[in-house]
Amino acid sequence: QNKEFVCRGHDYERLEAFQQRMLNEFPHAIAMQHANQPDETIFQAEAQYLQIYAVTPIPENQEVLLRDGIPDNIKSFYKVNHIWRFRYDRPFHKGTKDKENEFKSLWVERTTLILVQSLPGISRWFEVEKREVVEMSPLENAIEVLENKNQQLRTLISQCQTRQMQNINPLTMCLNGVIDAAVNGGVARYQEAFFVKEYILNHPEDGEKIARLRELMLEQV
């Protein structure tokens, strides 16, 4: 009925399995194969449509997640419980796409969904009360990617130091991806995109953000 819900799947349930479960419950529904906002013809249609995609929880208690000395299992709990807000990102290119360096034009449309009640609750799903859409520039996107990677590295290092991890393969793999970024060229691509004179002159308002990106690169090193 043109409503939107966030649903918590079963433990370890893959998105495909969840989608199949929903289609079994609604046998006459047509599954939409994209996460874009449906147009008016879909909203007005006689047929029943189901649009299913994964969302990322936005933890309310950021202080607990950032504080040192708190065990990882407690942090893990707060990452996925008592959650009111969820988000999903849709990457897109604005302007001319540079084949050598796609990061220059890679924007992200970020949609935040706010629920009527926090998950999980008495039910495994609640209705979306409000949605907010913002666009993140290529530079803001780069900052967030580096912040997340640095946080991941810190967590893995801390787990190794406190002997929580018997096998150091996850850290080794993460370090490999950072030091020798074979897939997309890693931070060198960010330097080419945002540290060149041309970008700095064309975007004088981005001075603080460029400084923040440089700071994160040094922190990663």
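## Close-up views of a predicted model

**Figure 1. Charged side chains over aromatic rings.** The charged end of Lys94 sits over the ring of Trp107, at 3.8 Å from the ring centre. Arg214 lies over the face of Phe195, 4.6 Å from the centre of that ring. A charge counts as over a ring if NZ of Lys or CZ of Arg is within 6 Å of the ring centre and within 35 degrees of the ring normal. The model is predicted, so local features need pLDDT of at least 70 and side-chain atom pairs count only at pLDDT 80 or more, whereas totals for chains, interfaces and linings use all residues. Residues are numbered from 1 along each chain as its sequence is written, and side-chain values use heavy atoms, with hydrogens and water left out.

**Figure 2. The Tyr53 and Tyr88 ring pair.** Rings of Phe, Tyr and Trp (its six-membered ring) pair if their centres lie within 6.5 Å; planes under 30 degrees apart count as stacked, over 60 as edge-to-face and the rest as tilted. The count by this rule is six aromatic pairs. One of them joins Tyr53 and Tyr88 in a tilted arrangement, with 4.5 Å centre to centre and 55° between the planes. Tyr53 is in the loop between β3 (49-51) and β4 (56-58), and Tyr88 is in strand β5 (residues 83-93), so the pair links distant parts of the chain, 35 residues apart. Helices (H or I, at least four residues) and strands (E, at least two) are DSSP runs, numbered from the N terminus. Tyr53 and Tyr88 are both buried, that is, under 20% relative accessible area, where exposed means over 50% and partly exposed in between (1.4 Å probe, protein chains only).

Figure 3. Phe194 and Tyr199 form an edge-to-face pair, 5.3 Å centre to centre with 75° between the planes. Both residues of this pair, Phe194 and Tyr199, are buried. Ring pairs link Phe103, Tyr190, Phe194 and Tyr199 into a cluster.

**Figure 4. His34 and its distance to Tyr53.** His34 is found in the loop between β2 (30-32) and α2. The relative accessible area of His34 is 37%, so the residue is partly exposed. The C-alpha atoms of His34 and Tyr53 are separated by 7.9 Å, and the two residues are 19 residues apart along the chain.

**Figure 5. The largest pocket.** A pocket is an open set of points on a 1 Å grid over the protein atoms alone, where a 1.4 Å probe fits, with protein on both sides within 12 Å along at least five of seven lines; lining residues have an atom within 4 Å of a point. The largest pocket holds about 1700 Å³ of space, a volume being the space filled by probe spheres set on the points, which are joined across faces, edges and corners. Its lining has 45 residues, and Phe5, Cys7, Phe18, Gln51 and Ile52 lie nearest the centre. Helix α1 gives the most to this lining, with five residues. The lining of the largest pocket divides into 28 nonpolar, seven polar and ten charged residues. Ala, Val, Leu, Ile, Met, Phe, Trp, Tyr, Cys and Pro count as nonpolar, Asp, Glu, Lys and Arg as charged, and the others, Gly among them, as polar.

**Figure 6. The second largest pocket.** The volume of the second largest pocket is about 1000 Å³. It is lined by 34 residues, of which Gln62, Leu65, Leu66, Lys79 and Gln151 are the closest to its centre. The largest share of this lining, nine residues, comes from α5. Eight nonpolar, 13 polar and 13 charged residues make up the lining of the second largest pocket.
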